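Here are my notes on the model you asked me to look over. Have the viewer open while you read.

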Amino acid sequence: MIQAEQLHARVLEELDMSREIEDEELTELIHRILKEVSEEEYISLEQRTEFGKELFNAFRKLNLLQEFLEDEEITEIMINGTKNIFLEKAGHVYLSSKRFVSKEKLEDVIQQIAAGANRIVNEASPIVDARLGDGSRVNVVLSPVAINGPIVTIRKFPKETITMNQLIQWESISTEVKEFLSTLVAAGYNIFISGGTGSGKTTFLNALSQYIPKDERIITIEDNAELRILDAPNLVTLEARNANTEGRGEITIRDLIKTALRMRPDRIIVGEVRQAEAIDMLQAFNTGHDGSLSTGHANSTKDMLSRLETMVLMGMELPLSAVQRQIASGIDIIVHLGRLRDKSRKVLEVTEILDYRDGEICLNPLYVYEETNERDGRIYGNWRKVQELVHTEKLLAAGYKYPGKDGDDN
């Protein structure tokens with residue numbers, strides 16, 4: 001039975017490598033070879049179509065990865081060397097029947113991805129984060145770090161930007177919580193989004209950013225540019241850069257935050273804080289850039305505060321109380337997201353940071369998601385309002401009214 005690698009070798013033999021081959025010419029060559037092979041050995045029309053697509057992708061695009069990237073139902077691609085490829089669809093992971101024909105072919109695709117994102121990955125620098133042209137997030141780990149490598153993990157993003165209304169349709173947030181948060185964004189509250197892996201932090205940040213007034217200057221700062229902020233005419237997008245092969249030229253998130261402060265921003269959006277850049281983010285939040293947004297990885301609101309404290313202390317020697325005061329004065333609201341056991345993503349908690357008092361950061365829970373029942377493997381629940389917003393000064397200054405507990409305006 002004819003194999004894809006045999007067809008690949010045959011096409012390679014007839015390719016004129018001394019000149020640039022146009023897509024149309026490559027397509028004709030592939031079709032001619034498939035026709036010749038089918039005369040020698042029966043190949044169904046369906047198989048010929050599949051082979052043709054695979055061969056074109058191998059020579060022109062990202063090999064068999066291209067098929068997975070074009071499948072909109074696939075949300076995550078996990079390549080464990082040449083033997084196993086796992087795909088996530090609708091929250092469930094499946095083993096694909098597809099394989100890379102060799103380690104060299106997989107490494108060629110990896111180098112193509114890295115070069116396209118202006119990144120370098122090799123044995124000396126075996127770990128890299130990159131992105132594809134459509135915004136998909138890519139992580140690569142090569143051997144010898146990955147024993148069964150190369151390992152490639154791709155988190156895909158929808159081609160269309162997800163809006164808050166879509167999140168309501170998916171029951172990730174309620175209309176009441178959406179209206180509340182969108183008003184806070186417009187009024188200039190500093191909001192921090194926390195959540196675990198795959199909880200939808202970047203998606204939620206994108207959706208929330210749509211409520212920033214269009215006449216404001218926004219500067220986004222990311223390791224890999226993933227945010228898709230629409231209809232923002234005065235938008236600056238900054239992306240960190242790794243060091244070159246000589247160990248020079250690195251531009252960190254910290255560098256970008258410091259630079260952004262000199263670019264006359266109204267709002268600064270830091271895609272995700274992971275390390276010592278947390279101190280620079282907090283300083284930006286505390287220097288008059290109201291309405292700034294960021295995200296961080298944590299399992300709860302309190303865990304996020306602890307992680308922020310640790311990240312700040314990684315970058316600067318300060319008393320813990322001073323760090324906590326910086327957090328309490330810089331961040332107004334924490335929105336915590338989660339991925340439930342039925343694979344659905346939800347806003348689990350909206351919490352106001354009140355102040356620093358008696359050695360701790362004081363919190364005021366505003367909304368909490370509560371499960372009511374579980375049916376046919378699906379979780380149902382609702383968002384319960386717990387407390388009223390205490391710090392309404394920014395709302396009032398922006399011309400908004402906030403109904404108090406008794407229904408009167410504060």
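1. Ground rules. This is a predicted model, with local features needing pLDDT of at least 70, side-chain atom pairs counting only at pLDDT 80 or more, and totals for chains, interfaces and linings using all residues. Numbering starts from 1 along each chain as its sequence is written, and side-chain values use heavy atoms, leaving out hydrogens and water.

2. The nine-stranded sheet. It is open and mixed in its pairing, with the order S9-S8-S10-S11-S7-S12-S13-S14-S15. Strands here are DSSP runs of E (at least two residues), helices are runs of H or I (at least four), and both are numbered from the N terminus; two strands pair if DSSP finds at least two bridges between them. S9 (235-239) and S15 (378-385) are the edges, each pairing on one side only. On average, neighbouring strands are turned by 25° against each other, direction ignored.

3. Inside that sheet. S7 (residues 191-195) and S12 (residues 333-339) run parallel and are joined by five bridges. Ile191 has Ile333 as its bridge partner in S12.

4. Helices on the sheet. H7 (residues 175-187) packs on it, with S7, S12 and S14 among the strands touched, and its direction makes about 150° with that of S14. H8 (residues 201-209) also packs on the sheet, at about 155° to the direction of S7. Angles run from 0 to 180 degrees between N-to-C directions, and axes are lines fitted to C-alpha atoms, for helices over the stretch in contact.

5. Helix on helix. H10 (residues 277-285) and H11 (residues 301-315) pack at about 105°, with axes 6 Å apart. That makes H10 roughly perpendicular to H11 (the label covers 65 to 115 degrees). Ala278, Ile279, Met281 and Leu282 of H10 meet Leu308, Met311 and Val312 of H11, contact being heavy atoms within 4.5 Å.

6. An aromatic pair. Tyr369 and Trp383 have ring centres 4.7 Å apart and planes at 55°, so the pair is tilted. Rings of Phe, Tyr and Trp (its six-membered ring) pair with centres within 6.5 Å; planes under 30 degrees apart are stacked, over 60 edge-to-face, and the rest tilted. Tyr369 is in S14 and Trp383 in S15, so the pair ties together parts 14 residues apart in sequence. Both residues are buried (under 20% relative accessible area, 1.4 Å probe, protein chains only).

7. The S1 neighbourhood. S1 (residues 74-80) runs antiparallel to S2 (residues 84-89), joined by six bridges. The two form a hairpin with three residues between them, and Gly81 in the turn has a positive phi of about 65°. S1 also pairs with S6 (residues 151-155), antiparallel over five bridges.

Notes: Angles under 35 degrees count as roughly parallel, over 145 as roughly antiparallel, 65 to 115 as roughly perpendicular and the rest as oblique. Buried means under 20% relative accessible area, exposed over 50%, partly exposed in between (1.4 Å probe, protein chains only).
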